[in-house]
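Please prepare a short briefing on the model shown below.

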Amino acid sequence: MSLAPLPVSPLIGNDPVSPELRERLSAARKALGSRVLILGHHYQRDDVIDFADVRGDSLDLAMRASKTSGVEYVIFCGVHFMAETADILTPPDVQVILPDMRAGCSMADMADIDQVEEAWEVLTKATSKRYIPITYINSTAALKAFCGRHGGAVCTSSNARKVVEWAFTQGEKLLFFPDQHLGRNTCHALGIGLDDMLVYDPHNPHERAGGNDPKLYDQKKVVLWRGHCSVHQNFSPSHPDVLRSRYPGVKILVHPECQFEVVQKADLVGSTRFIIDTVKAAPAGTRWAIGTEHHLVNRLAQEHPEQMITTLAPFACQCSTMFRISPEALADRLEELVQGKASNVIRVDDETRRWATIALERMLDMRD
Ligand code: SF4
């Protein structure tokens, strides 16, 4: 029986770059030669990722940044926290540039250092047992430094399991921020029951202890920050059911930033790199409904016409902040460098860098 092709979500940001703009980009790139390295995250629009020297997920790009030598500038086509991480991991004489300063991350914005310090005070007052703080890489440098100062680490979606296992060798309890879903999914996969986890709401004033009875911080094993990714949050538990009834045999492949109920219904769950590698390794004719950022899903569909690939949601789940990096902004930053100017340079102060480096090195030591 032949398989009907699956629909792919509408393409946004894949308009061909005009010949004039392509010429500007090529000329500036050529003039700068090996002085510049362009890193591009997999969720970037096609008309930007085409110009990246290296593509990857957060962990790949952090590792690449940590090995950078002999370049003057890293242009990071991603979001702000990724450029901060690159600045921490690159040698001090390398300048990291974000093409458009509006490219933030809604998840990273859901936890600021004052809120985390306040939560820490609530937790450490409530129990004498040791909490280990773990921050997802999708967070500000200040939170990474907080983890370095308090015996914790950074994790990515690729190595969250290893980092959480490590945390429980260091202390009895875990504070995981800013993504409650990655924390819940990872801890559950390690055999920790949902009833041993608690959500801390940073918008509940200090005197209300994150919305919980303070005694619970002594009793529960894991405290999850009330944060989420606005892209992956859009996949709902009904989507796997709809896709399975519509496309028999379809495999549901999702990112662990999706809600617990979605992950529980999936056939496979894993990081961006896992998703790419799984599709690459699958036989022709495999049907996939993928729960992650739609530029990546569309790119996989284009690169694997022998398979049938669609998004898990019936609408486009796009990272609208990453989308703010445009080919025009990239051309502007490159041309400025040709003229001897550098703007949108991301700099992490020395004290933050020192502590964040400790937490990031723990992450890199525990990579797969
Ligand atoms: S996909 Fe989600 S977590 Fe990733 S950069 Fe966009 S908003 Fe942040």
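How many bridges join strand β10 to β11, and do these strands run parallel or antiparallel? Two bridges join β10 (residues 251–254) to β11, and the two strands run parallel. This is a predicted model, in which local features need pLDDT of at least 70 and side-chain atom pairs count only at pLDDT 80 or more, while totals for chains, interfaces and linings use all residues. Residues are numbered from 1 along each chain as its sequence is written. Helices (H or I, at least four residues) and strands (E, at least two) are DSSP runs, numbered from the N terminus.

**Confidence**
- The protein chain has an average pLDDT (the predictor's confidence in each residue, from 0 to 100) of 93, and 95% of the residues score at least 70.
- Over residues 1–5 pLDDT stays under 50, and the model has four contacts for them beyond four places in sequence; a contact requires C-beta atoms, placed from the backbone, within 7 Å.
- Where pLDDT is low, predicted coordinates should not be read in detail.

**Sheet**
- An open sheet is formed by four strands in the order β11-β10-β12-β13, with parallel pairing; strands pair if DSSP finds at least two bridges between them.
- β11 (268–269) and β13 (308–311) are the edge strands, each with a single partner, so one side of each has no neighbour in the sheet.
- Helix α13 (residues 294–303) packs on the sheet and touches β12 (287–291) and β13, its direction making about 165° with that of β13; axes are lines fitted to C-alpha atoms, for helices over the stretch in contact, and angles run from 0 to 180 degrees between N-to-C directions.
- Leu253 stands opposite Leu268 in β11.

**Helix α7**
- Ala160, Val163, Val164 and Ala167 of α7 (residues 160–170) are buried, that is, with 20 or more other C-beta atoms within 10 Å of their own, C-beta atoms being placed from the backbone (exposed: 12 or fewer; partly exposed: in between).
- Seen down the axis of α7, these buried residues fall within an arc of 100° (taken from the directions from the helix axis to the C-beta atoms), so they line one face of the helix.
- Their cover includes β5 (131–136), β6 (153–155), β7 (173–177), α8 (180–189) and α15 (350–365).
- Ile134 touches Val163, Val164 and Ala167, among others, not counting residues up to four places away in sequence.

**Glu72**
- Glu72 lies in the loop between α3 (58–66) and β3 (73–77).
- Glu72 is partly exposed, with 14 other C-beta atoms within 10 Å.
- Apart from neighbours within four places in sequence, Glu72 contacts Arg35, Val94 and Gln95.

Notes: Contact = placed C-beta atoms within 7 Å.
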